Amino acid sequence: MMRALLTMVLGVLIAGPVAAEPWDATLAEARGQTVYWNAWGGDEQINGYIAWIGMQMRQRHGIELVHVKLTDTAEAVARVVAEKAAGRNEGGSVDLIWLNGENFAAMKAGDLLFGPFVEQLPNFRYVDTRDKPTTLVDFTVPTDGLEAPWGMAQFVFFHDTAVVAEPPRSIRALLDWARAHPGRFAYPAPPDFIGSTFLKHVLVELIADPAILQQPAESADFEAVTGSLWQWLEEIRPYLWRKGETFPVSGPALHQLLDDGEVDFSMAFNPAEASAAIGAGRLPESVRTFILDAGTIGNTHFVAIPFNAAHKAGAMVVADFLMSPEAQVHKQDPRVWGDGTVLDLDAMAPADRARFEALPRGIATLAPEQLVPVRPEPHPSWMVAIEAEWLRRFSS
Amino acid sequence: MLRFLPAITLLVFLGPVAAGLAGTLLPAFGYLPALGGEEVSLAPWRRLAAAPGIGTAVRLTLTSGVLSTLLALALTIFVFAAGHGTQALTRVKRAMTPLLAVPHLATAVGLAFLIAPSGWLVRLIAPWPSGWQTPPDVALVQDHLGLALTLGLVLKETPFLVLMTFGALGQVRADDQLRMARSLGYGLVQAWLKVVLPLVYPQIRLPVYAVLAYSLSVVDMAIVLGPTTPPTLAPLVLRWFNDPDLAMRFQAAAGACLQFGLVAVAIGVWRAAEAALGCLARPWLSGGARGGAGTVARAAAWAGLALLFGLSSGSLLSLAIWSVAGRWRFPNAWPEQLSLERWADQAPALSGPAWTTLVVGIAAAVIALVLVAGCLENESRRQRRPAPGALTLIYLPLLVPQIGFLFGVQVLLVWADLDGGWLALIWTHLLFVLPYVFLALADPYRSLDPRYARSALALGRPPWVVWTRIKLVMLLRPILIALALGFAVSVAQYVPTLFAGGGRFSTLTTEALSLSAGGNRRVVGLFALTLAVLPLLGFGLALALPAWRFRHRRAMRVGA
């Protein structure tokens, strides 16, 4: 009894005045923290947006946000894994990770994530979990409150209307087109996520029953399911840019090739990216986007906190602000980034809703009704297996 | 204190290399308890042998590394054979220093901008006279033979070898030898090749091996210019180290050992080839053929040099133009608009990495200088030269591939809870900065006339004062050059920053490399240009400061 009392008194002394609300306590704890946010850094528009977030966090909450720029999200996962292996269970070097899909699945499976924390975040109530089910299920894997939704993405293809008036709208038609125009098509080398997602589109269209992709790859006959994918890739290879001997390193690198006239198509996981690139003078004005007749894959991207993050409170405050109407509307502005919101416009204050509705769409961006159907992401294990097989076949 | 400094220096910077090698070797044989590797086994090596593309990666590593070293050495030799003692060569020397200062990555990015199918050179001849409306579909960078990487390495390694040869010439009294040979009727080129080269080559042997080791294990340049499917060995190993599947680390460690082995074997074979060539060339050396004016050799040397300077300066220029370019479509030879807006936009993103680069570079260079100057002063007071083997020790971090021991260093840092801090970062940079500072300072320090110090001591000044007021001041120029070189070396480090910084530190080099994946030439150009300019500013200061300090001292001016 005595000891319990003593502990309580000491606890109060150490913690200072007890905050009324748990969120206020989090805010208080976050003040003065430096949050290391590990996020892919290959697009300076996104980098600019993250820098803007950093500025807001400094002004509003006294948090110093450091953008650790990655060339591949797997690097951050690897770092957390290595720290766990070395027994560093607190004071880890990664506070927040931008991720989804196989990286989330790997971290969740490895107990590498802090949480569940998402439902404690005040701005989570604005998230449209009903009409945007991918905010709760990431590549078929339930998020279980371990990652906070940040943005909506859908895969689109770019073409230059001044060169290709009518683009092929199916994977099979694309092969015919490439045969007729050797050297004018390329896809980024997996495991770059644009390249990997392109392979998924090929696979989804060529297999008899795409439903099998919703199950883990281990439970299926990998060779039988993916055979048509490899056949298609081998068939198109001699007609690819550089005869398929080398591949662009990323989506933005492919945009540059399109701008240079080296290829006639590009691709992105953001319907507004083409408009943004045109606005920034990185693509010709005549570029437009299109999707396949069978639709393209859509998903949600998230932020998560590693189990051993040194600054969890700060990371939660950042994750919360990322879901705020203010941060989301700024993100969706095609002049800033053009990334789709995860929020439900009906749930927010009329003034916020009006700001969303006032956003311009961008000259190359398709209207929402043109971006259908949206295909689901396969189970992440397929991606891991396909990337490994691609490396075996195309990188030796 | 001073007498312990050489030992401390060796410990500070050889300790991590040795420990790092051990820390890489053990996981390569399956032992790394933190990751569940409790038993020694050959499994990592079996996985390495089965890794996709490993054979091609090794072949590409060897061809690009050996070919670039051969070309750089050949160009160096021909430049000296053709131009020894001429005014032109003095100008070449002056022009080489800035080329040496520019970090590898900046040269690589600029070269890619220049020679890519959509690069500046093709734009100059398209659409007229080539008739190209779209860029030709040929891999001119990231080609699957690694030729672009080879070219990039030649551009960067030739200046190093040329400057090292200048230093070596002073030690072999080349001028006298050459005059003798000339008076016997040998042509200029023949005289140099037959008389000077056999004397100079042993002096530049270690620098040549350093170039070979570097070229075989380069990462940043290989990512930008080298083939990608698969890349050369070092970037491939780095990719495995970053894999979330921890089992890959064992394979990566084995790959790092293979990298180490490749370098060791390459140096060994090179050494054997030197000996064989020495024997084979004996009849030619002593055959007495005088040779002619060497017109062809001269033309080749100057053409090679012109190409080197043209490509190097063209690379820097294309970085500068892309950093201010607006719309610039193929095949236009010039951007439609130029604007400084992007510099203003990117200033916040640029400043953080630029500060980190400056702080680490200056700290590492200053620490290296203190250690090196201390060691040299100790040597001069005790009047004892270190054994020749000591020089090899100094070179060790330059001969061991970075990827071969930095993983072990990282394990060590994590274990000591030092990773991701400034101390670890600066220390790791110091490993590579210190040898260069030593190389730059040792000769001037040792050749300073000892009578100055002796007179001052005889006049009753304590050694400490003599050192700081006389020797260091007289050596201000080489000291500043050594500092600038050390700074330039630090600025260019990629793999050490990655491994010791724990991802928390981004320097201009790491930033430029991660942006280069994005392919926005404007922003990449801007970062790469800043990366190139910082070391150049350092050298500029190193030249300007003594000129200002000694403006009233005629005997201390250049050339005096």
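**Reading contacts in a predicted two-chain model**

Trainee: Which residues make the contact of H6(A) with H8(A)?

Mentor: H6(A) brings A:Ile171, A:Leu175 and A:Ala178, and H8(A) brings A:Trp232, A:Glu235 and A:Ile236. By class, that contact has five nonpolar, no polar and one charged residues.

Trainee: What describes two packed helices?

Mentor: The angle between their axes and the distance between the axes. Here, the axes of H6 (residues 171–180) and H8 (residues 222–236) of chain A come within 10 Å. They cross at roughly 20 degrees. Angles under 35 degrees count as roughly parallel, so H6(A) is roughly parallel to H8(A).

Trainee: Now the chains. How is the size of an interface often given?

Mentor: As the accessible area lost when the parts come together. For this model, take residue counts: the contact uses 48 residues from chain A and 42 residues from chain B. On the side of chain A that touches chain B, H4(A) gives the largest share, seven residues. By class, that side has 19 nonpolar, 16 polar and 13 charged residues.

Trainee: Which domains does the assignment give chain B?

Mentor: Domain 1 covers 1–33 + 345–560, and domain 2 covers 67–324. Their centres, taken over C-alpha atoms, are 23 Å apart. In chain B, 38 residues of domain 1 are in contact with 40 residues of domain 2.

Trainee: Which helix gives the most to the domain 1 side?

Mentor: H24(B), with 12 residues. By class, the side of domain 1 of chain B that touches domain 2 has 27 nonpolar, eight polar and three charged residues.

Notes: Residues numbered from 1 in each chain as written. Chains lettered and ligands numbered in written order. Predicted model: local features only at pLDDT ≥ 70, side-chain atom pairs only at ≥ 80, totals over all residues. Contact = placed C-beta atoms within 7 Å. Helix = DSSP H or I, 4+ residues; strand = E, 2+ residues; numbered from the N terminus. Nonpolar A, V, L, I, M, F, W, Y, C, P; charged D, E, K, R; others polar. Axes fitted to C-alpha atoms, helices over the stretch in contact; angles between N-to-C directions. Parallel < 35°, antiparallel > 145°, perpendicular 65-115°, else oblique. Domains from an automatic or database assignment.
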